[in-house]
Amino acid sequence: MKPSLAKGTRDFSAIEVQKRQYIMNVLREEFELRGYDPIETPSFENLETLTGKYGEEGDRLIFKILRSGDFTSKIDEGAWANKDAKTLGAKVADKALRYDLTVPFARYVVQHQNEIAFPFKRYQMQPVWRADRPQKGRFREFYQCDADVVGSDSLWQEVELIHLYDAAFTRLGLGATIKVNNRKILAGMAEVLGISDDFVAFTVAIDKLDKVGASGVLDEMTKQGLNSTAIATFGQWLEAGLTLEALSALLQDSEEGKIGLEEMNFVLTNAVEGLQDSRLVFDFTLARGLNYYTGTIFEVAADGVAMGSVGGGGRYADLTSIFGLKNTSGVGISFGLDRIYLCLEELDLFPEAVAGKASILFANFGEAEAASAYGWVQKLVANGVRAELYPDAAKLKKQFDFADKKQVPYMAMVGTNEMAADAIPVKNLATGAQESKTLEEIIALVRG
RNA sequence: GUGAUUGUAGCUCAGCUGGUUAGAGCGCCGGAUUGUGGUUCCGGAGGUCGCGGGUUCGAACCCCGUCUUUCACCCCA
């Protein structure tokens, strides 16, 4: 059988894992500095925990897990004959791989509500799965690194999360534009236009502004069947420019819209203080597809790279109520590890040091010599120096080739003459220089 | 889900208009060279031409289906 990977998945080799760990270490430090604690949840959940949380499109992209028993007996003939995928799906599968980290987190909070102290701040770095078609920067298995707070309505949380984004991307050296909006502003616009019932279609159209332009957005709205006078009015708004100032006049008659603007102003004025390298911009076209967002929403684009968003998030006032915990508002952000990786790679921003540390390989000259060499290896390892013995008494050429390929910088030669010696020949493989060294000298040399 | 695109040795790729036994470079294994590598030279192994069907005297090449790759749309990190 020919080995191959499942669609949209990847293997990670040593250097890639090291680079990924570098990113995760930065994120972990920034999370923990601000009081977020780590949790983990299972890779799969009950199907009903996940369905209906991500919108229609999202439901389609959930990876379902086939029931392990005799699922065929649970299907009645009528449903099978109708080929109704939705009903059949629930019969055939009752578990699913997690689609994001937010919904499992909401489930976690409700289930552990008596053990945790609110406001509860957690971070989580785990893979998620989506049954999407792969393309640039899009995989079917990828990592999200999330920070969320639940149990506080305070807008200071939003401010902190913006600073968290800024601090992380600044440290990674990745120029980032943090776009923010507020769902209540969008809702207010729909309300004033009298198209609240078509809110989703409205946001989908608006979201395309930078891609298709103003006329494209209006065409899209027409295609979605929105009220034509509303579309015309919105066209005038677009022409005049939808700044925060303009919106405060336009949304006078919407209570929700006014609240949204208030919130947005608070977040913006407080978040610009102490911002490092990232740009923070209000973007009224930012909508986000996940339908559990209710207030502030975030999205981060990396500067200088053509890549989808490298992060996103927002406030969800009521996500836990689906699981039975009311009046508990949460807000959180997500870092897209895989896309951040691609950006850092493309812009050549990984530091040299992520590659493996220095180490030393002991050549194997035979049974007795190997035993002596292994004694050296043990002493070095005990002193925190990466050392290993070549396991077989192979030809030296082969042992050197191995060291080269593994990029081991030093090789030690414990031959018959050195078996009892206090100092042994150590060769620098890059320069070819060879010198006799004691244990202390080797420790100093390899540690650099 | 829609529309394109890709698949030949471990890797990167040639392979003419359909015509004998499908090639190269790199890598791998062995030797020149039994305790000092990277160079060089010599030899060797390695291929169901993604898979299934069809057309043809004959298919890596043409047709259909399918899987896979990459890209765009939708949506998203």
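Let us start at a phosphate: a polar side-chain atom of Gln 135 sits 2.9 Å from a phosphate oxygen of RNA strand B. Please keep in mind that this is a predicted model, in which local features need pLDDT of at least 70, side-chain atom pairs count only at pLDDT 80 or more, and totals for chains, interfaces and linings use all residues. Residues are numbered from 1 along each chain as its sequence is written, chains are lettered from A and ligands numbered from 1 in the order in which they are written, and side-chain values use heavy atoms, with hydrogens and water left out.

At Gly 311, a polar backbone atom lies 2.6 Å from a sugar or linking oxygen of RNA strand B.

Stepping back, 41 residues surround RNA strand B, where near means having a heavy atom within 4 Å of the strand. The closest are Arg 138, Gly 289, Ser 309, Asp 404 and Thr 416. Of the atoms of RNA strand B that come within 4 Å of the protein, 46% belong to sugar and phosphate.

Now turn to Thr 170, in helix α7 (residues 156-172); helices are DSSP runs of H or I with at least four residues, numbered from the N terminus. Thr 170 counts as buried because its relative accessibility is 16%, the limit being under 20% of relative accessible area (1.4 Å probe, protein chains only). Its side chain reaches the backbone oxygen of Asp 166 at 2.6 Å. Leaving aside neighbours within four places in sequence, Thr 170 is in contact (heavy atoms within 4.5 Å) with Gln 276, Asp 277 and Ser 278.

Notes: A polar contact is a pair of N or O atoms within 3.5 Å; within protein, one must be able to donate a hydrogen and the other to accept it, and residues adjacent in sequence count only if both atoms are side-chain atoms. Helices (H or I, at least four residues) and strands (E, at least two) are DSSP runs, numbered from the N terminus. Buried means under 20% relative accessible area, exposed over 50%, partly exposed in between (1.4 Å probe, protein chains only).
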